[in-house]
Amino acid sequence: MPTATATRPATPFERIGGRDTIHQIVERFYDLMDSDPAYARLRALHATDLAPMRTSLAGFLAGWSGGPRDWFEANPGRCMMSAHQGVRIDAETSAEWAMAMRDAIVDTLGATDPEMAGALSDVLEQMARGMAR
Ligand code: HEM
């Protein structure tokens, strides 16, 4: 159930279940990317070892969704464009990212909170599409 204080509604981070849920989404996302041939081009852009990315993306998503901001404090001034400098993102790899993330979110959250699963997937897809050059 969503948690809220008397003065403000629950953040998306609180509503979905905090770090545990974020970690599940991120694990599923990279497991899909690592195993499903549909994401082969996206996988090829990443380093062999995905462990650092699992930690980094989970930290980013926690702060971005209204939770603890340790990733932003550890990476002052880093934005999504600067984090991807030198990564060749085109329409196809951006669509692969958005599709893998939607699958990961729906697999994790679709049964318990389909409304939030759809909203998060939509906004992350827009972000990914905006990064294609
Ligand atoms: C649009 C398609 C995207 C592609 C193709 C892509 C690809 C990549 C690649 C290749 C890296 C470096 C990984 C490595 O060194 O192994 C990276 C880093 C990262 N990406 Fe993406 N990415 C995309 C979109 C996004 C989006 C939308 C987000 C956030 C919602 C995101 C979050 C991150 C984070 C947090 C890092 C780590 C930055 C760091 O720790 O320095 N990416 N991405």
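Predicted model: local features only at pLDDT ≥ 70, side-chain atom pairs only at ≥ 80, totals over all residues.
How many aromatic pairs does the count come to? Five, by a rule where the rings of Phe, Tyr and Trp (its six-membered ring) pair if their centres lie within 6.5 Å. Planes under 30 degrees apart count as stacked, over 60 as edge-to-face, and the rest as tilted.

Let me take one of them. F60 and W71 sit 5.3 Å apart, centre to centre, with 85° between the planes, and that makes the pair edge-to-face. This pair links distant parts of the chain: F60 is in helix 4 and W71 is in helix 5 (residues 70-74), 11 residues apart. Helices here are DSSP runs of H or I, at least four residues, numbered from the N terminus. Both F60 and W71 are buried, where buried means under 20% relative accessible area, exposed over 50%, and partly exposed in between, with a 1.4 Å probe and protein chains only.

Residues are numbered from 1 along each chain as its sequence is written, and side-chain values use heavy atoms, with hydrogens and water left out.

F29, Y30 and W97 are linked into a cluster by ring pairs. There's also R69, which lies over the face of F72, 4.5 Å from the ring centre; the rule there is CZ of Arg or NZ of Lys within 6 Å of the centre and within 35 degrees of the ring normal.

Now helix 7, residues 91-109. With 19 residues, helix 7 reaches 26 Å from first C-alpha to last, close to the 27 Å expected at 1.5 Å a residue, the expected span being 1.5 Å times one less than the number of residues. At the N-terminal end, D90 is the cap: a side-chain oxygen lies 3.1 Å from the backbone nitrogen of E92.

I89 counts as buried because its relative accessibility is 11%. Not counting residues up to four places away in sequence, I89 touches H84, S94, M131, A132 and R133, a contact being heavy atoms within 4.5 Å. The C-alpha atoms of I89 and L45 are 8.9 Å apart, though 44 residues separate them along the chain.

Last stop, helix 2, with two residues to look at. T21 lies there, and it's buried because it comes in at 10%; beyond its neighbours within four places, T21 is in contact with I16, T108 and L109. D34 is in helix 2 as well, but at 46% it counts as partly exposed. The D34 side chain makes a polar contact with the side chain of R43, at 2.7 Å. Polar contact means N or O atoms within 3.5 Å; within protein, one must be able to donate a hydrogen and the other to accept it, and residues adjacent in sequence count only if both atoms are side-chain atoms.
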